[in-house]
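Here are my notes on the model, written up as numbered points. Have a look at the structure first, then read on.

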Amino acid sequence: MRRQNAICGLCAITLALGSTTAAANPKPVDSWGRASVDLETYRKDSLECGLQGYFADVSQTTQAKAFVGATRQMQSVDNTNFVSPGASAVEAASAFVSQAQQYERIRHGIRPEQRMLELKQGMTALVGECLRRRGYVKFRLTDEQSAALAKFHKGSDERRLYLHDLGADPAVLRAQALPTPASSTASH
(Lines give C-alpha, C1' and ligand atoms only; values in the text may rest on other atoms or scores of the structure.)
Protein backbone atom coordinates (compact mmCIF):
# COMPACT_ATOMS: atom_id res chain seq x y z
CA MET A 1 0.00 0.00 0.00
CA ARG A 2 2.81 2.38 0.89
CA ARG A 3 4.52 1.60 -2.43
CA GLN A 4 1.31 2.35 -4.35
CA ASN A 5 0.92 5.65 -2.51
CA ALA A 6 4.50 6.56 -3.41
CA ILE A 7 3.87 5.70 -7.06
CA CYS A 8 0.64 7.72 -7.09
CA GLY A 9 2.39 10.66 -5.45
CA LEU A 10 5.23 10.61 -7.95
CA CYS A 11 2.75 10.28 -10.83
CA ALA A 12 0.74 13.27 -9.57
CA ILE A 13 3.88 15.39 -9.29
CA THR A 14 4.96 14.31 -12.75
CA LEU A 15 1.61 15.19 -14.27
CA ALA A 16 1.63 18.59 -12.61
CA LEU A 17 5.14 19.34 -13.85
CA GLY A 18 4.54 17.97 -17.33
CA SER A 19 1.27 19.73 -18.11
CA THR A 20 2.79 22.90 -19.51
CA THR A 21 3.18 21.89 -23.14
CA ALA A 22 1.46 23.98 -25.79
CA ALA A 23 0.49 22.79 -29.23
CA ALA A 24 1.00 25.02 -32.23
CA ASN A 25 -1.42 23.07 -34.39
CA PRO A 26 -4.62 21.53 -33.12
CA LYS A 27 -4.24 17.82 -32.51
CA PRO A 28 -6.45 15.63 -34.71
CA VAL A 29 -9.52 14.27 -32.95
CA ASP A 30 -10.16 10.53 -33.18
CA SER A 31 -13.20 8.64 -32.00
CA TRP A 32 -14.75 5.20 -32.25
CA GLY A 33 -17.84 4.10 -34.11
CA ARG A 34 -19.79 1.10 -35.30
CA ALA A 35 -22.14 1.42 -38.24
CA SER A 36 -25.77 1.81 -37.17
CA VAL A 37 -25.07 1.11 -33.48
CA ASP A 38 -27.86 2.34 -31.21
CA LEU A 39 -27.08 4.90 -28.52
CA GLU A 40 -27.68 2.52 -25.60
CA THR A 41 -25.25 -0.09 -26.96
CA TYR A 42 -22.72 2.63 -27.84
CA ARG A 43 -22.78 3.96 -24.27
CA LYS A 44 -22.67 0.48 -22.70
CA ASP A 45 -19.72 -0.60 -24.86
CA SER A 46 -17.78 2.61 -24.26
CA LEU A 47 -18.31 2.35 -20.50
CA GLU A 48 -17.35 -1.32 -20.29
CA CYS A 49 -14.25 -0.91 -22.46
CA GLY A 50 -13.27 2.32 -20.69
CA LEU A 51 -13.43 0.53 -17.36
CA GLN A 52 -11.09 -2.17 -18.67
CA GLY A 53 -8.46 0.49 -19.36
CA TYR A 54 -9.17 2.35 -16.12
CA PHE A 55 -8.81 -0.73 -13.93
CA ALA A 56 -5.87 -2.24 -15.83
CA ASP A 57 -3.18 -3.54 -13.50
CA VAL A 58 -0.09 -1.57 -14.46
CA SER A 59 1.90 -2.53 -11.36
CA GLN A 60 4.20 -4.90 -13.24
CA THR A 61 4.88 -2.63 -16.22
CA THR A 62 8.36 -1.34 -16.92
CA GLN A 63 7.05 2.16 -16.28
CA ALA A 64 5.61 1.38 -12.83
CA LYS A 65 8.81 -0.42 -11.88
CA ALA A 66 10.78 2.69 -12.89
CA PHE A 67 8.60 4.84 -10.62
CA VAL A 68 9.06 2.38 -7.74
CA GLY A 69 12.82 2.40 -8.27
CA ALA A 70 12.90 6.20 -8.35
CA THR A 71 10.81 6.37 -5.17
CA ARG A 72 13.27 4.04 -3.44
CA GLN A 73 16.19 6.16 -4.63
CA MET A 74 14.49 9.29 -3.29
CA GLN A 75 13.87 7.60 0.04
CA SER A 76 17.54 6.69 0.15
CA VAL A 77 18.43 10.33 -0.50
CA ASP A 78 16.15 11.30 2.40
CA ASN A 79 17.98 8.87 4.69
CA THR A 80 21.47 10.09 3.74
CA ASN A 81 20.84 13.83 3.83
CA PHE A 82 20.33 14.23 7.54
CA VAL A 83 21.20 17.67 8.89
CA SER A 84 22.27 17.67 12.50
CA PRO A 85 20.25 19.82 14.91
CA GLY A 86 23.28 22.05 15.52
CA ALA A 87 23.91 22.77 11.83
CA SER A 88 24.19 26.35 10.71
CA ALA A 89 21.69 27.90 8.31
CA VAL A 90 24.31 27.70 5.55
CA GLU A 91 24.93 24.00 6.22
CA ALA A 92 21.19 23.28 6.27
CA ALA A 93 20.63 25.22 3.04
CA SER A 94 23.55 23.43 1.40
CA ALA A 95 22.11 20.05 2.40
CA PHE A 96 18.70 21.09 1.08
CA VAL A 97 20.16 22.17 -2.28
CA SER A 98 22.14 18.93 -2.53
CA GLN A 99 19.00 16.90 -1.80
CA ALA A 100 17.00 18.83 -4.40
CA GLN A 101 19.73 18.23 -6.99
CA GLN A 102 19.75 14.51 -6.23
CA TYR A 103 15.94 14.38 -6.53
CA GLU A 104 16.12 16.10 -9.90
CA ARG A 105 18.79 13.71 -11.19
CA ILE A 106 16.61 10.75 -10.17
CA ARG A 107 13.47 12.31 -11.68
CA HIS A 108 15.27 13.20 -14.89
CA GLY A 109 16.81 9.73 -15.08
CA ILE A 110 13.48 7.94 -15.35
CA ARG A 111 11.94 10.53 -17.73
CA PRO A 112 8.61 10.49 -15.87
CA GLU A 113 6.69 12.39 -18.53
CA GLN A 114 7.65 9.74 -21.09
CA ARG A 115 6.83 6.90 -18.68
CA MET A 116 3.38 8.39 -17.97
CA LEU A 117 2.72 8.77 -21.71
CA GLU A 118 3.69 5.13 -22.21
CA LEU A 119 1.35 4.00 -19.42
CA LYS A 120 -1.48 6.05 -20.91
CA GLN A 121 -0.83 4.57 -24.36
CA GLY A 122 -0.91 1.06 -22.92
CA MET A 123 -4.20 1.68 -21.15
CA THR A 124 -5.65 3.34 -24.26
CA ALA A 125 -4.57 0.31 -26.31
CA LEU A 126 -6.54 -1.95 -23.96
CA VAL A 127 -9.65 0.16 -24.50
CA GLY A 128 -9.09 0.11 -28.27
CA GLU A 129 -8.70 -3.68 -28.32
CA CYS A 130 -11.95 -4.06 -26.39
CA LEU A 131 -13.81 -1.78 -28.80
CA ARG A 132 -12.35 -3.57 -31.85
CA ARG A 133 -13.51 -6.93 -30.47
CA ARG A 134 -17.01 -5.43 -30.30
CA GLY A 135 -16.88 -4.34 -33.93
CA TYR A 136 -15.92 -0.68 -33.54
CA VAL A 137 -13.49 1.14 -35.81
CA LYS A 138 -11.42 4.20 -35.01
CA PHE A 139 -12.06 7.21 -37.21
CA ARG A 140 -10.66 10.74 -37.47
CA LEU A 141 -12.96 13.72 -37.35
CA THR A 142 -12.68 16.28 -40.11
CA ASP A 143 -11.71 19.84 -39.21
CA GLU A 144 -15.36 20.87 -39.47
CA GLN A 145 -16.50 18.00 -37.25
CA SER A 146 -13.76 18.82 -34.72
CA ALA A 147 -14.84 22.46 -34.66
CA ALA A 148 -18.45 21.42 -34.05
CA LEU A 149 -17.35 19.02 -31.30
CA ALA A 150 -15.34 21.77 -29.60
CA LYS A 151 -18.58 23.70 -28.99
CA PHE A 152 -19.76 20.99 -26.58
CA HIS A 153 -18.48 20.66 -23.02
CA LYS A 154 -16.38 17.56 -22.39
CA GLY A 155 -18.50 14.93 -20.68
CA SER A 156 -21.78 16.51 -21.78
CA ASP A 157 -24.66 14.46 -23.18
CA GLU A 158 -24.67 16.70 -26.28
CA ARG A 159 -21.03 15.86 -26.97
CA ARG A 160 -21.65 12.11 -26.52
CA LEU A 161 -24.70 12.28 -28.79
CA TYR A 162 -22.74 14.15 -31.46
CA LEU A 163 -19.94 11.57 -31.39
CA HIS A 164 -22.47 8.73 -31.46
CA ASP A 165 -24.22 10.23 -34.48
CA LEU A 166 -20.91 10.49 -36.34
CA GLY A 167 -19.69 7.05 -35.26
CA ALA A 168 -22.95 5.30 -36.16
CA ASP A 169 -23.02 6.77 -39.67
CA PRO A 170 -21.72 4.14 -42.14
CA ALA A 171 -20.72 6.86 -44.63
CA VAL A 172 -18.57 8.64 -42.02
CA LEU A 173 -16.89 5.37 -41.07
CA ARG A 174 -16.18 4.43 -44.70
CA ALA A 175 -14.67 7.83 -45.47
CA GLN A 176 -12.82 8.51 -42.21
CA ALA A 177 -11.80 5.14 -40.75
CA LEU A 178 -8.19 4.89 -39.62
CA PRO A 179 -6.09 1.86 -40.49
CA THR A 180 -6.23 -0.90 -37.89
CA PRO A 181 -2.86 -1.40 -36.20
CA ALA A 182 -1.24 -4.75 -36.94
CA SER A 183 -0.57 -5.43 -33.27
CA SER A 184 -1.80 -3.40 -30.34
CA THR A 185 -0.57 -4.64 -26.99
CA ALA A 186 -0.15 -2.86 -23.69
CA SER A 187 3.37 -1.91 -22.67
CA HIS A 188 4.67 -4.21 -19.91
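Predicted model: local features only at pLDDT ≥ 70, side-chain atom pairs only at ≥ 80, totals over all residues.

1. With a relative accessibility of 26%, arginine 134 is partly exposed. Its salt-bridge partner is glutamate 48, with 2.7 Å between the closest N and O atoms. That pair joins distant parts of the chain, since glutamate 48 is in helix H2 and arginine 134 in the loop between H5 and S2, 86 residues apart. Glutamate 48 is partly exposed too, at 31% relative accessible area.

2. The pair belongs to a network of salt bridges that links Arg34, Lys44, Asp45, Glu48 and Arg134. Within it, arginine 34 bridges to aspartate 45, the closest N and O atoms being 3.6 Å apart. Arginine 34 sits in the loop between S1 and H2 and aspartate 45 in helix H2, so this contact ties together parts 11 residues apart in sequence. Aspartate 45 is buried at 5% relative accessibility, while arginine 34 is partly exposed at 25%.

3. The structure has 10 salt bridges. Another one to check is arginine 107 with glutamate 113, at 3.0 Å between the closest N and O atoms. Arginine 107 comes out at 19% relative accessibility and counts as buried, because the cut-off is under 20%.

4. Now the largest pocket, at about 1,800 Å³. It has 43 lining residues, and those closest to its centre are Asp30, Ser31, Trp32, Thr124 and Lys138. H5 contributes the most, nine residues. By class, the lining has 18 nonpolar, 14 polar and 11 charged residues.

5. Finally, Leu47, Leu51, Tyr54 and Phe55 make a nonpolar surface patch of about 490 Å². Phenylalanine 55 is exposed, at 62% relative accessibility.

Definitions and conventions:
Residues numbered from 1 in each chain as written. Heavy atoms only, no water. Patch = residues over 30% accessible without salt bridge, like charges linked within 9 Å, V, L, I, M, F, W, Y side chains within 5 Å. Areas by Shrake-Rupley, 256 points an atom, 1.4 Å probe, with all protein chains shown as cover. Salt bridge = Lys/Arg side-chain N within 4 Å of Asp/Glu carboxyl O. Buried < 20%, exposed > 50% of the residue type's maximum accessible area, 1.4 Å probe, protein only. 1 Å grid on protein atoms, 1.4 Å probe; cavity = no way out; pocket = protein on both sides within 12 Å on 5 of 7 lines; lining within 4 Å. Points joined across faces, edges and corners; volume = space filled by probe spheres on them. Helix = DSSP H or I, 4+ residues; strand = E, 2+ residues; numbered from the N terminus. Nonpolar A, V, L, I, M, F, W, Y, C, P; charged D, E, K, R; others polar.
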